[in-house]
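Hi,

Here is the structure I promised to pass on.

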Amino acid sequence: MSLVHWILILNLWILKANSLQAGSRVVLREIGHNIVGGSDPKDYAVELNATNFDAVLKDTPATYAIVEFFAHWCPACRNYKHHYENVAKLFNGPNAVHPGIVLMTRVDCALKINSKLCDKFSVSHYPMLFWGPPTKFFAGWSSNQAKSKLRVIDDGRTAERLLNWINKQIGSSYGLEDEKFENEHLSSNISDPGQIARAVYDVEEATATAFDIILEHKMIKSETRAPLIKFLQLLVAHHPSRRCRKGSAEVLVNFDDLCPLDMWSSDKHDVDTSNMIGVLRNFHICGKDVPRGYWMFCRGSKNDTRGFSCGLWVLMHSLSVRIEDGESQTAFTSICDFIHNFFICQECRQHFYEMCSSVKGPFTKARDFALWLWSAHNEVNERLMKEEASLKTGDPKFPKIIWPPKQLCPSCHHSRGPKDKGGSQIDWKRDEVFKFLISYYGNTLVSLYKEKGLLVGDGTTVILEDSSTNAVVVPVGAALAIALASCAFGALACYWRSQQKNRKPRRSWS
């Protein structure tokens, strides 16, 4: 083999090693073809090592994880790989049939870097498979640990047997021939308030998808520039995901440089727009590994139901319960203008705009805005219920309902007459509804992130200034802080907070 070939192989190996650094959400990464020949099928199992083991397992949205400890020189391991991959393709990656349930990974114990990691799990034979909640892998395992949450998989020698073992653990009936979006196994989430915690990943997905749509359709224009800035400012202050707050801040503080006010007055504005879009694509508003390509709480039983629209509604509700009274009108106009200018479904955005336009006066209380958005969502659901019933286009597993149902919030309902068919006839206890919204879209939504420690060090609160003009000012101090070190996002919040001398500190719901 020539020296050139060896150099190419070395470069590919380095690139692959770099992709496995700590903190990378490699669950979506499709590992490239085998270097030699390039004809082997893609790997679906996520390859872990000592440097990224804890980070990947901490960051995964999956409920369970399987870790296979193997050695690349082991013939039995090589023969077992295709069995393991046949199961992994059901759960891992953007094209997974059943995403977000089981993260399937593997660790090569023959590599010196992994020696201590394999010893930590008392690996006694190859391949050796462990099952458990992802965060329970941090402490390792030994055979004398009676109370360990990890289990050794003792009946997974073939793909069929491994999948049967998984089905027994989680009460499912998955098959190796399952096809994407055939989701008859999905369970309804209307009666379990805790399930909204999984939607924090969908909120990130919806934010990244919305940003991608804006760039793909070149929707940033002179007349839409200010509405986008205002919405970004709202995300920086109150997005439930810290990484989306950080990413939105990075976009915001660079926006004037990338998209100056006079850009559209230039004869070369088409070229300037293309350059701006190209640069903005590199910002990754919710992190480089989002969007993931699938939904968790918002996943429908068909590929054309729920998903993005569900995630966007959850995002708007979560914003509505994180603001305080002085921000209510700014949040209202920011959300209305964003949907009107950037939601690509024309009929939907027109209907939403009409609801926004029907509001008589400015909001002065955060409670009133949160309840208005809740009422508007029910109005949309009530309209779509009739359309989907006549056209048979709804999701049979997740039909539109007036929300919240009694299963989720019994105290929200007074009564409902036997002939009442619409949400307007329900006698709501609005104070109870507001309490429910705060709990559901506030603490419960981010509870999964809190459990995994992804909100550590983020106890600051940002206040938005109401303004009678379209101009939005980004403090220079915050811009410098983020530009110098993106990890110093807290400086942005602290700086803005220091400007609010006459404002009361608020209780953060995240």
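Starting with the overall picture: of the contacts in the chain with a separation of 6 or more, 73% are between residues 24 or more positions apart, where contact means heavy atoms within 4.5 Å. Before I go on, a word on the source: this is a predicted model, so local features need pLDDT of at least 70 and side-chain atom pairs count only at pLDDT 80 or more, while totals for chains, interfaces and linings use all residues. Residues are numbered from 1 along each chain as its sequence is written, and side-chain values use heavy atoms, with hydrogens and water left out.

The chain has 18 helices and 5 strands; these are DSSP runs numbered from the N terminus, with helices being H or I of at least four residues and strands E of at least two. Of its 510 residues, 49% count as buried. By buried I mean under 20% relative accessible area, by exposed over 50%, and by partly exposed anything in between (1.4 Å probe, protein chains only).

The angle between α13 and α14 is about 135 degrees, and their axes are 11 Å apart (axes are lines fitted to C-alpha atoms, for helices over the stretch in contact, and angles run from 0 to 180 degrees between N-to-C directions). That makes the pair oblique, given that under 35 degrees counts as roughly parallel, over 145 as roughly antiparallel, 65 to 115 as roughly perpendicular and the rest as oblique. On the α13 side the contact is made by Glu347, His351, Phe352, Met355 and Cys356, and on the α14 side by Trp372, Leu373, Ala376, Glu379, Val380, Arg383 and Glu387.

Most residues other than glycine have a negative phi, and most peptide bonds are trans. The bond from Tyr126 to Pro127 is cis, with omega near -15 degrees, and Pro127 sits in the loop between α4 (115-120) and β4 (128-132). Ser122 is found in the loop between α4 and β4 too; its phi is near 50 degrees, a positive value, and the residue is partly exposed at 32% relative accessible area. His284, in the loop between α10 (269-280) and α11, has a positive phi near 55 degrees and is partly exposed, with a relative accessible area of 35%.

Finally, Phe211 in helix α6 is buried, with a relative accessible area of 6%. Leaving aside neighbours within four places in sequence, Phe211 is in contact with Val251, Leu280 and Ile285. Phe211 and Arg281 are 70 residues apart in sequence, yet 8.9 Å apart in space, C-alpha to C-alpha.

Cheers
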